[in-house]
Every structure is written in structure tokens, then in C-alpha cells.
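Here's a quick briefing to read with the model open beside you. Let's go through it topic by topic.

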Amino acid sequence: MTLLSVLGVLSSAIFSGTSLLYTTLGEIIDQRSGIVNLGLEGVMLVSASSGFAVTAITDNPYLGVLVSILAGALMNMILGFLVISRRANQLASGLALMFFGFGLSAWIGRSYVGAKINGLPRISLPGLSNLPVLYSSLFNFDLLIYLVIPAAILVWWLLFHTRWGLGLRAVGENADTAYASGRNPLRIRYQALFVGGLLVGLGAAHLSIAYTMNWTEYMTAGRGFIAVALVIFSKWNPLRAIVGALLFSGAVAFQLLLQSSGIQISPFLLDTIPYILTILVLIAWGGTPKHSAPASLGRVYQGTE
Amino acid sequence: MKSKFFQSMLAITVISLLLLTACAKTETPTEAPTEPTSPPPTEEEACLIIGALHGGPINDAGYNQAMHESVMAIKENIPCVEIIEAENVPEEAGATTTMENMIQQGAGMIIATAFNHQYPALELSQKYPDVIFEHAGGWEMGENFANFFGEPPDAWYIMGVAAGKMTETNKLGFVAAFPLGWTLTFANAFHLGAASVNPDVETTVTFTFSWGDSAKEADATNSLINQGVDVITMHVDSPTTIISTAESRAVYSIGFQSLHAQEFAPEYWISGTGYTLGDTLTWLASTVIDGTWEPIFLRCSLFDGCMAMAPFGPRVPQEVQDEVLAVSADIENGTIVVFAGPILDQDGNVVVAEGEVLTDDLMNSVDWFVEGIIGSPK
């Protein structure tokens with residue numbers, strides 16, 4: 001294995017981990033407010049297809065990213081209406097949203113399958129351009145990659161160092177108590193879903209407009225669920241999510257590296273590395289109170305009328 | 001705590017179910033065959049109604065688009081033909097109802113282009129003896145059921161020659177979906193072609209285990225490039241992500257399935273091959289119309305016009321172009337036989353003995369890589 005291939009794993013981890021990290025951050029905000037969004041896969045797909053379609057039509061990737069973000073927030077608002085206003089079961093609503101997303105995204109993206117777009121431009125760091133192109137292209141990132149770690153820090157700061165974050169976490173722990181102390185759980189949960197949806201939209205935009213520059217039906221291929229797993233992996237902490245997302249996508253990149261190094265281990269087995277990691281983390285931390293979920297996660301807030 | 005436990009259990013069950021269904025791809029109800037795009041033609045108008053169905057979207061710049069364009073060529077060549085087309089029909093059950101609907105609408109000929117639609121079509125052919133069924137790439141035959149296809153191995157060998165000539169690092173990369181017999185055969189033919197002009201060349205094959213996971217295709221392409229690979233080719237549904245990724249890293253690419261792939265690599269394109277079955281399908285349809293259709297196991301090559309080579313990219317020097325075309329001519333006149341023995345596998349075992357040739361029916365059950373390929377064929 002050469003230096004290039006080792007750096008390559010890191011580069012791949014960053015490239016494909018970005019969409020995972022944005023999505024995970026979005027889900028952390030949702031879950032901190034007490035809402036499990038199992039429809040993430042559908043939200044991502046609708047965001048990815050609408051952003052890709054707009055990029056293909058207008059030839060402006062930034063406009064595409066904007067539409068992706070808004071689509072993500074809108075999809076989450078549908079979930080919000082179901083589980084907050086209509087007080088529906090969160091798991092059932094999330095699944096319904098997901099299947100709705102499968103169909104809607106296929107419909108939106110139908111005429112743009114195989115379309116050629118100019119993806120989000122890569123911005124090279126000063127100094128890198130002196131390296132051979134093979135190396136410099138490893139770390140030639142687009143804007144969304146540069147912004148992802150700051151985004152994680154911002155989410156962490158919002159959740160743990162602002163009044164809004166305190167209220168949001170309070171609602172996630174116990175909505176009645178939060179209400180008694182003068183918070184409006186309904187409004188806070190809508191806000192959480194909206195902000196969460198914006199972040200999921202960014203993740204989806206990175207997938208279709210920046211990284212793959214392509215739309216195919218069901219292109220997320222389970223990344224929405226990996227994000228749900230990453231939320232648990234990172235114990236609902238945005239900073240740990242950075243490590244989680246890099247570890248997950250790094251494991252995929254490492255698997256591909258082993259394959260292409262001619263190491264004769266079944267690639268099927270190597271493909272399970274990310275999931276084995278998740279299971280190990282779940283075994284290690286299990287249900288210990290320190291690492292457990294927000295207390296009213298998944299519970300319907302009945303309100304006080 | 002208890003309810004949380006149940007919730008987690010439910011979530012886990014649902015996730016695993018979804019991942020399973022995800023592998024099978026979701027079927028979208030686009031272009032339901034019950035709603036014909038054109039008004040139902042009357043018998044006097046159409047000399048033949050053809051029902052064509054595809055497994056994926058017909059604008060994928062890949063296999064489905066190539067098949068769609070081949071079917072549409074029938075209509076261009078024989079204007080009195082009506083075509084009812086359905087895309088995105090991944091499952092066998094959906095294929096059966098789609099084909100039955102087409103027959104209800106008067107289809108006298110069914111063209112099924114997806115690999116897994118062979119047996120649904122074969123079953124229906126027994127139920128509707130008056131309808132002619134043609135399947136792309138299958139092997140079954142019947143009274144009113146036959147199949148047709150191009151012969152990709154020759155084309156892959158020629159592309160291998162181009163890759164072997166163009167590489168500077170002597171490392172070629174092949175991104176593939178699954179280790180299936182035909183995919184391994186394509187990779188083997190590609191490598192044999194490359195090795196015939198460049199004995200130092202290695203071909204690394206990486207599998208994504210999905211026909212359409214774009215992000216993983218990008219990961220795999222990057223991973224190969226980071227190993228020093230400077231020519232990338234692929235066998236997946238739609239080559240667009242792999243070719244765009246190679247282009248963005250200034251690495252050569254070679255396309256497959258549809259000639260449209262070239263659009264995605266304006267600068268680093270070497271060449272590519274695609275299916276161009278329009279004339280063959282036109283001929284088949286004309287025999288159905290005049291009543292002379294017979295079930296034949298139809299395979300036709302690059303040299304019969306069933307496949308075509310894309311134009312060379314701007315960076316391919318004239319002498320490489322000449323050499324590639326010379327090899328193509330040698331295959332056409334029989335001087336070069338792609339899978340002529342002796343052929344050794346990765347471990348040095350003889351898989352095709354001296355004086356023998358790997359036959360078509362064995363190509364789909366190949367489970368070895370030739371010497372010089374890096375990767376696991378399982």
C-alpha cells in the first residue's frame with residue numbers, strides 16, 4: 001500500500017462521509033427534541049432528486065443546493081404535521097414519509113436520470129496546486145465539505161450553549177416539564193424538524209450534486225438508515241458524529257482498498273465492517289443511562305389543551 | 001424502558017426489511033402499461049404492435065437507454081409498427097402483468113430486455129402461442145420464444161487493447177457491480193486485450209455489489225485511482241458517475257452499454273462500446289410481420305452492427321487508434337480469437353487448454369480471473 005492509497009482512504013472517507021455527517025446532524029436535532037425521523041431515507045431522496053433536477057435545468061449547482069435544503073425542510077414539515085399536530089405514531093409516520101419519498105423522488109427525478117450536470121465546483125487549497133494532480137485532486141474539496149465540520153460545531157453550540165438548544169433538549173427529555181417551565185413543545189419540535197430537514201437536505205445535495213453528479217432512483221442505498229445508526233453511535237452528540245461518519249465511510253473506503261490490493265478476503269465479508277462496528281458500539285454502551293437516548297424520544301406529546 | 005425496547009426491535013426489523021427490499025429496487029409506477037402513451041391503435045392502422053419492457057429507466061445513458069433506442073429504431077424503419085413501451089419494471093411479477101397488459105392491447109410481439117424477465121416471458125409464451133417473444137441475452141428457446149444479443153467479449157478485448165496502449169502506470173481499473181459470470185468474462189477479455197499489447201499491465205477489479213449505488217461507484221473509482229490506476233472502465237447499469245469521477249481526477253475512461261457515455265468525459269475519454277441492436281430488431285419484426293419468423297438463437301457481433309465503438313477521445317494518438325482498428329479487423333477476419341487457449345487463471349491453473357476455445361455457453365458460468373487481474377472473482 002502506497003502513501004497515495006492511505007491518503008486515498010482518508011480522502012474517500014471525507015468525500016463520502018460528508019453527506020452522512022450532514023444527515024446525521026439533522027437527525028440528532030430531530031431526536032434531541034424527541035422525534036425519531038425514520039423517514040430520513042425518503043427525505044434525502046426527495047432532496048437529492050429535486051436539487052439535481054434544478055441543477056440540470058438551471059445549470060446552477062448553488063441553486064440546486066438551495067432547493068435541496070428547502071425540499072429537506074419541507075419533507076420534515078410533513079412529518080411534523082403528522083407527529084406534532086396530528087399526534088400520530090412517530091415510527092409509522094416516519095415509514096410512511098419514507099415510502100412517500102421513494103415514489104416522489106422517482107417521479108421528480110425521472111426525466112433527469114442520465115442527465116449531465118456541472119457539479120458543485122471544487123475549490124483547491126493554496127499550496128496544494130503545486131502537487132501532482134493525482135495528489136491534489138485527493139483534497140480538492142467542494143464548499144459543502146469545507147463547511148461540514150463547522151456545521152457540526154455550530155449544531156453542538158446551538159444544542160448545548162444556547163437557550164434555544166436548552167429548550168429543545170428539555171422538550172426531548174420531558175415535554176410536560178418543559179411546558180410547565182414556559183416552553184412551547186409544539187413550536188420547538190417544529191423548529192427542530194425544520195432545522196434538521198435543512199441539514200438533511202445539505203447532505204442529500206452533497207450526494208447528488210457534488211459527489212456523484214448523478215441521479216439514480218434509490219441512490220441513497222441505505223445512507224438514511226446508516227445516519228439513524230450513527231445518531232446512536234455518536235450518543236446524540238454532534239461532535240462525536242464527526243468521528244462516526246468518518247469511521248463509517250472510512251470503513252467502506254478501506255474495504256474497497258483491500259479489494260483492489262488483491263487481498264483475498266471475501267468482499268461480502270468486508271462490506272459488513274461498518275455494521276460490525278455499529279454492533280460493537282451498541283454492545284459496549286448498551287443501555288447504560290449515561291449513553292441513553294433523550295427520555296421522551298418517540299413519545300407523542302399530548303399537549304395540555 | 002419496555003416500550004423503548006419494542007420500538008428499537010420494530011425499527012431494526014423495519015430497517016432490515018427495507019435494506020432487503022432496497023436490494024431489489026423499488027418499482028415505480030411510471031408509465032403503467034395500462035395507460036398507453038398513444039391512443040389505442042386499431043388493427044387497420046398498425047401492421048404489428050410491439051410491446052417492449054425494460055428493467056430500468058430508458059434515459060440512463062447505459063444499458064436501458066441502448067435497448068430503448070434499439071427498439072425505437074424498429075418504428076423508424078417500419079413506420080406502420082406501433083410500440084408500447086414500459087420502463088422501470090425490475091421484478092418478475094411486474095414483468096408478467098406488464099406483458100399480459102401489452103398482449104391485451106394487441107401486442108403481437110414482445111421484446112423483454114431485462115436479464116430476469118426471461119422466465120416470465122417464457123411462461124407467457126406458452127400461454128399465448130400466437131405472440132412472438134424475444135428476450136435480450138437469454139438462453140431458453142421455444143416455439144414462439146427466442147433470444148437475441150450482441151457479443152460483448154470481442155468488443156471488450158478491443159477496448160483492452162486501447163487501454164493497454166494508453167496507460168502510463170500499467171494499471172487498469174474495472175468497477176463492476178457483482179461477480180457474475182458475464183462480468184468476469186468481460187473483465188477477462190478486457191485484460192487479455194490489454195496484455196496482448198502491453199505485457200506489464202495489471203487490471204484491478206473492484207465490486208460495488210449494487211447495480212446502481214452511485215456513491216459507492218464514486219468511492220470505488222477513487223479507490224482505484226489512488227492505487228495508481230490511470231484507465232477506468234466499468235460494468236454497472238449507468239456509467240455516468242464512474243466516468244464523471246474519472247474525468248474530475250484527470251484519469252482516462254472507457255465506456256460500456258450505451259454510446260452516450262462519452263458525453264461525461266469530454267477530455268479523458270478513450271473509447272467505449274455500446275449495444276446497437278436496431279437493425280437486428282427491425283429484421284426480427286419484419287419477419288414477424290410477413291409471417292416468416294422462426295425461433296433462432298441470435299448472437300451478432302461488433303462486426304454485424306449489433307454493437308458499435310464510440311469515437312476516440314481527443315487525447316488518443318493516431319497510432320493507437322490505428323492499432324486498435326487493426327486488432328478489430330483481425331478479430332473480424334478470425335486471426336485473433338479472444339478466448340483461445342492456453343489461458344491461465346490467477347493461480348496459474350489452465351482454464352482453457354491449448355487448442356481449445358472458451359465457448360459462448362461457458363462464458364456465463366466463468367468463475368475465474370485470468371492471470372494478471374487483481375481482485376477476487378467470488
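How many helices and strands make up the secondary structure of chain A? There are 13 helices and 2 strands in chain A, and keep in mind that this is a predicted model.

**Chain A overall**

- Chain A has a radius of gyration of 20 Å, close to the 19 Å that the globule rule gives for 305 residues, so chain A is as compact as a globular protein of that length.

**A helix pair in chain A**

- Helix H2 (residues 40–58) of chain A packs with helix H10 (residues 223–233) of chain A at an angle of about 130 degrees, and their axes are 7 Å apart.
- That angle makes H2(A) oblique to H10(A).
- H2(A) and H10(A) have a right-handed crossing.
- On the H2(A) side, the residues are Leu40(A), Glu41(A) and Met44(A), and they meet Arg223(A), Gly224(A), Phe225(A), Ala227(A) and Val228(A) in H10(A).
- Sorted by class, the contact of H2(A) with H10(A) has 5 nonpolar, 1 polar and 2 charged residues.

**A backbone detail in chain A**

- Have a look at Met213(A), where phi is near 50 degrees, a positive value in a residue other than glycine.
- You'll find Met213(A) in the loop between H9 and H10 of chain A.

**Where chain A meets chain B**

- Here 43 residues of chain A are in contact with 47 residues of chain B.
- On the chain A side, at least two residues each come from helix H1 (3–32), helix H4 (90–109), helix H9 (185–211) and helix H11 (238–260).
- The side of chain A that touches chain B is made up of 20 nonpolar, 19 polar and 4 charged residues.

**Domains of chain B**

- Chain B splits into domain 1 (48–150) and domain 2 (152–274 + 307–374).
- Between the C-alpha centres of domain 1 and domain 2 of chain B there are 29 Å.
- Contact between these domains of chain B involves 8 residues of domain 1 and 11 residues of domain 2.
- Helix H2 (residues 63–77) of chain B gives the most to the side of domain 1 that touches domain 2, with 3 residues.
- That side of domain 1 of chain B has 3 nonpolar, 4 polar and 1 charged residues.

**A helix pair in chain B**

- Helix H5 (residues 152–166) of chain B and helix H10 (residues 318–332) of chain B have their axes 10 Å apart and pack at an angle of about 155 degrees.
- H5(B) and H10(B) are therefore roughly antiparallel to each other.
- The crossing where H5(B) passes H10(B) is right-handed.
- H5(B) makes the contact through Asp154(B), Tyr157(B), Ile158(B), Val161(B), Ala162(B), Lys165(B) and Met166(B), while H10(B) uses Val320(B), Glu323(B), Val324(B), Val327(B), Ser328(B) and Ile331(B).
- By class, the contact of H5(B) with H10(B) comes to 9 nonpolar, 1 polar and 3 charged residues.

**A cis peptide in chain B**

- Gly341(B) and Pro342(B) are joined by a cis peptide bond, with omega about 0 degrees.
- Pro342(B) sits in the loop between H10 and strand E13 (343–344) of chain B.

Conventions:
Residues are numbered from 1 along each chain as its sequence is written. Chains are lettered from A and ligands numbered from 1 in the order in which they are written. This is a predicted model: local features need pLDDT of at least 70, side-chain atom pairs count only at pLDDT 80 or more; totals for chains, interfaces and linings use all residues. Axes are lines fitted to C-alpha atoms, for helices over the stretch in contact, and angles run from 0 to 180 degrees between N-to-C directions. Helices (H or I, at least four residues) and strands (E, at least two) are DSSP runs, numbered from the N terminus. Angles under 35 degrees count as roughly parallel, over 145 as roughly antiparallel, 65 to 115 as roughly perpendicular and the rest as oblique. A crossing is left-handed if the near helix is turned anticlockwise from the far one by less than a right angle, and right-handed if clockwise. Two residues are in contact if their C-beta atoms, placed from the backbone, lie within 7 Å. Ala, Val, Leu, Ile, Met, Phe, Trp, Tyr, Cys and Pro count as nonpolar, Asp, Glu, Lys and Arg as charged, and the others, Gly among them, as polar. Domain bounds come from an automatic or database domain assignment. The radius of gyration is taken over C-alpha atoms; the globule rule is 2.2 Å times the number of residues to the power 0.38.
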